[in-house]
Amino acid sequence: KVPAVRPAMSETIEKLFREIRACTYCAENLPMGPRPVVRGSASARVCIIGQAPGVRVHRSGVPWDDPSGKRLRGWLGVDDHTFYDETRFAIIPIGFCYPGTMENGGDYPPRKECAPLWHAPVIDALENVELTLLVGSYAQAYYLGKSRRKTMTETVRSWRDYGPDILPTPHPSWRTTGWQKKNPWFDDEILPEIRRRVKALIT
């Protein structure tokens, strides 16, 4: 049963998200300007922490509104409507704004200012979260610190070591298709566990 949400807490997180969406702290370093992307509510029980919006998400303002998001929803075993239900899922990137694209076509890493500035109060406000998915190496580096393994693959394979409330995953980009073929244990062991936990928390 989901605990009752105190009105004061709901007001706090709504105010906090308004402040985040109005943030211009890194504006001079963002090629397309600031457009912080964040979703959730005080009743959310699953938190997804990714890296940073891509250009498509920057334009739409909708997190994971791209092929990576479609793959992520497949991993979770949920449809679009459920995924974007803010009473169930909070979606928080390490960097809230699109950081720009490098010459090789990949995006720059998330801005380093975002997480230290905003994450602690957001996590405190999401007091009903029981499962946090650390999607990709940037989220794992920030939240696992010295407890993460030498590689993302080793970190994800050691998922049992991080307790029932945290679960690391790779980033669901197109590059992960090859990674999954080389690491079938992810599909065999971790995806069923993710789906089981998510289903238990959102139904």
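This is a predicted model: local features need pLDDT of at least 70, side-chain atom pairs count only at pLDDT 80 or more; totals for chains, interfaces and linings use all residues.
Reader: How do the residues of the lining of the largest pocket divide by class?
Author: Tyr and Cys count as nonpolar here, and Gly counts as polar. On that basis the lining of the largest pocket divides into five charged, 13 polar and 21 nonpolar residues.

Reader: Where is Trp64, and is Trp64 buried or exposed?
Author: Trp64 sits in the loop between α2 (55-60) and α3 (67-76). Its phi is near 60 degrees, a positive value in a residue other than glycine. Because its relative accessible area is 10%, and the cut-off is under 20%, Trp64 counts as buried.

Reader: What is the volume of the second largest pocket, and which strand gives the most to its lining?
Author: The second largest pocket has a volume of about 160 Å³. Both β1 (46-50) and β3 (131-135) supply at least two residues of its lining. With three residues, the strand that gives the most is β3.

Reader: How many charged residues are in the lining of the second largest pocket?
Author: The residues that line this pocket include Ile49, Thr132, Glu130 and Asp165. Glu and Asp count as charged. By class, the lining has nine nonpolar residues, one polar residue and, as charged residues, two.

Reader: How many cavities of 30 Å³ or more does the count come to, and what is the volume of the largest?
Author: A cavity, unlike a pocket, is a space where the probe fits but cannot get out. The count comes to one cavity of 30 Å³ or more. The volume of the largest cavity is about 70 Å³.

Reader: Which residues lie nearest the centre of the largest cavity?
Author: The lining of the largest cavity has 13 residues, divided into eleven nonpolar, one polar and one charged. Nearest the centre lie Cys23, Cys26, Pro36, Cys97 and Cys114.

Key:
Residues are numbered from 1 along each chain as its sequence is written. Side-chain values use heavy atoms; hydrogens and water are left out. Helices (H or I, at least four residues) and strands (E, at least two) are DSSP runs, numbered from the N terminus. Buried means under 20% relative accessible area, exposed over 50%, partly exposed in between (1.4 Å probe, protein chains only). On a 1 Å grid over the protein atoms alone, a cavity is a set of points where a 1.4 Å probe fits but cannot get out, and a pocket is an open set with protein on both sides within 12 Å along at least five of seven lines; lining residues have an atom within 4 Å of a point. Grid points are joined across faces, edges and corners, and a volume is the space filled by probe spheres set on the points.
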